[in-house]
Amino acid sequence: MNSKKENILVVDDNNEMLDLIQRQLKTFNYRTFKASSVNEAIEVLKTAHIDLLITDLDMPEINGLELLKYTDEHYPAIPKLVISGIPSVPNVVSAIKSGALDYLTKPFTSDELYKSIRSSLVKNYVISNDFQNSKNDILYNNIVGKSVHTKNIIKIIERIKDTKATVLIEGESGTGKELIARAIHFTSNIASQPFIVVNCGGIPETLAESELFGHTKGSFTGATETKTGLFQAASGGTIFLDEIGNAPLLLQTKLLRVIQEKEILRIGATKPEKIDVRIISATNSNLENMVAKDLFREDLYYRLNVANIKTTPLRERKEDLPVLINTFIDKYANEYGKPEIKISEKVIEVLLRYNWPGNIRELENIIQRMIIMSDDLINLNQVPEKLKYDIPASSKILKSLKEYEKEQILKVLASVNHNKTKAAQILQIDRKTLNQKIL
Ligand SMILES: Nc1ncnc2c1ncn2[C@@H]1O[C@H](COP(=O)(O)OP(=O)(O)OP(=O)(O)O)[C@@H](O)[C@H]1O
Ligand SMILES: [Mg+2]
């Protein structure tokens with residue numbers, strides 16, 4: 001049984017037929033709107049948010065064909081289902097043949113009606129070609145995207161992957177820093193060697209030295225065994241120092257020594273050990289500012305920063321969104337056993353408009369949740385409210401009163417699901433004025 005309550009507009013000049021269809025739609029749990037003429041239907045289309053148009057063709061005054069044309073022109077995203085006798089009009093026949101239109105011949109059973117509605121609705125959720133094509137966009141060791149930013153990052157990775165130069169990756173949370181670090185390692189000529197991740201802010205200061213460099217048996221109370229540190233474990237491979245900005249100053253000093261001398265000293269040992277490890281670090285703090293405030297050692301900063309990669313927040317590279325959305329849908333659709341799941345164009349529109357403060361991680365989480373909450377299609381009901389009412393990143397403070405007014409009207413419209421009548425009521429203007437102001 002459908003639980004999503006799509007809005008369906010039914011148009012038929014025959015009131016009995018109209019009532020019959022409406023009753024059936026209610027049992028299928030759809031919200032219905034009815035109109036007994038094309039003009040009435042157009043009024044409904046203008047005021048309500050309609051997900052599917054069901055129309056008869058043979059109607060006095062204005063024919064159903066005109067309504068189909070009008071809807072195509074003004075609301076191209078609305079799928080259409082024609083319920084009529086055998087079609088005789090040539091262009092309707094060709095429209096049906098081309099698959100642009102669904103057609104149900106009278107008389108029909110309730111089951112046939114339900115199936116036709118589902119099939120028409122799902123058509124609307126099929127991702128557009130443009131969107132689908134984004135699947136061909138760059139794919140480099142799990143990094144996907146088509147923006148100049150992403151392409152540049154892949155170029156840098158290619159250039160540095162086989163060198164031993166230290167790499168510092170800087171950028172906001174959730175922008176793919178760890179993914180980049182992994183791509184550097186796993187595409188390099190030391191890919192078969194270890195890749196060890198160290199969360200520099202996560203180890204208590206007192207344990208950090210032993211964790212990273214190891215200790216000898218009996219070197220301190222509790223050191224009952226000789227221990228190998230993470231640097232030795234990464235030998236021949238890569239050590240990823242995540243959140244390097246959170247490394248305590250004492251640890252910073254030790255790290256500097258490791259980089260300069262290319263050797264480590266276990267706690268309690270007298271002889272240092274040579275190590276051969278590539279160091280990649282990442283941070284979402286501004287290390288340069290931290291250096292200026294004496295919170296990060298300047299010499300270490302330069303040592304870590306031989307090669308530098310800066311990640312760009314998602315809101316500044318929206319071209320990557322379609323392919324990311326596609327990738328995550330594929331990933332979670334398979335994971336949750338819903339390989340056929342579709343996403344509504346309207347949902348994509350909202351996802352493209354949102355400001356993504358949590359970047360790619362937030363996008364991924366939201367898609368995962370929407371897939372869990374959906375059956376065969378992801379529609380606006382599964383989209384978290386905060387995404388629907390987000391203010392675009394480009395909203396600038398310095399703007400004309402007119403721009404400001406338009407923006408406010410659009411926000412109100414979004415909040416009432418584009419119901420212009422409701423929006424006009426809230427704004428205390430008439431609908432005509434509202435229409436003019438959003439032109
Ligand atoms: N270009 C991309 N293509 C595909 N997935 C991506 C991309 N960038 C990031 N992701 C995914 O987004 C999530 C967050 O990425 P990652 O953990 O690398 O970010 P981060 O910058 O290290 O974040 P934090 O600073 O919070 O640790 C991961 O699941 C990652 O796989
Ligand atoms: Mg990270």
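**Close-up views of a predicted model**

**View 1. The loop that holds N29.** N29 is placed in the loop that runs between α1 (15–27) and β2 (31–35). This structure is a predicted model. Although N29 is not a glycine, its phi is positive, at about 75°. Most residues other than glycine have a negative phi, and most peptide bonds are trans.

**View 2. The peptide bond between K106 and P107.** Is the peptide bond that joins K106 and P107 cis or trans? The bond is cis, with an omega of about -5°. P107 belongs to the loop between β5 (102–105) and α5 (110–125).

**View 3. Polar contacts of ligand 1.** For K177, a polar side-chain atom lies 2.6 Å from an oxygen atom of the ligand. For E178, a polar backbone atom is 3.1 Å from a ligand oxygen atom. For E364, an N or O atom of the side chain is 2.8 Å from an oxygen atom of ligand 1. On its own, ligand 1 has 630 Å² of accessible area, and the protein covers 83% of this area.

**View 4. The pocket and shell of ligand 1.** Ligand 1 takes up the space of the second largest pocket. Two or more residues of the shell around ligand 1 come from each of β7 (143–144), α8 (177–186), α14 (321–335) and α16 (359–373). Of the 17 residues around the ligand, those that come nearest are S173, G174, K177, R361 and E364. By class, the shell consists of six nonpolar, six polar and five charged residues.

View 5. Why does ligand 1 lie between domain 2 (130–136 + 315–388) and domain 3 (148–311)? Ligand 1 lies between them because both domains give residues to the shell around it.

Key
Residues are numbered from 1 along each chain as its sequence is written. Chains are lettered from A and ligands numbered from 1 in the order in which they are written. This is a predicted model: local features need pLDDT of at least 70, side-chain atom pairs count only at pLDDT 80 or more; totals for chains, interfaces and linings use all residues. Side-chain values use heavy atoms; hydrogens and water are left out. A residue is near a molecule or strand if one of its heavy atoms lies within 4 Å of it. A polar contact is a pair of N or O atoms within 3.5 Å; within protein, one must be able to donate a hydrogen and the other to accept it, and residues adjacent in sequence count only if both atoms are side-chain atoms. Accessible areas come from the Shrake-Rupley method with a 1.4 Å probe; for residues, only the protein chains shown count as cover. On a 1 Å grid over the protein atoms alone, a cavity is a set of points where a 1.4 Å probe fits but cannot get out, and a pocket is an open set with protein on both sides within 12 Å along at least five of seven lines; lining residues have an atom within 4 Å of a point. A molecule sits in a cavity or pocket if more than half of its atoms lie within 2 Å of its grid points. Helices (H or I, at least four residues) and strands (E, at least two) are DSSP runs, numbered from the N terminus. Ala, Val, Leu, Ile, Met, Phe, Trp, Tyr, Cys and Pro count as nonpolar, Asp, Glu, Lys and Arg as charged, and the others, Gly among them, as polar. Domain bounds come from an automatic or database domain assignment.
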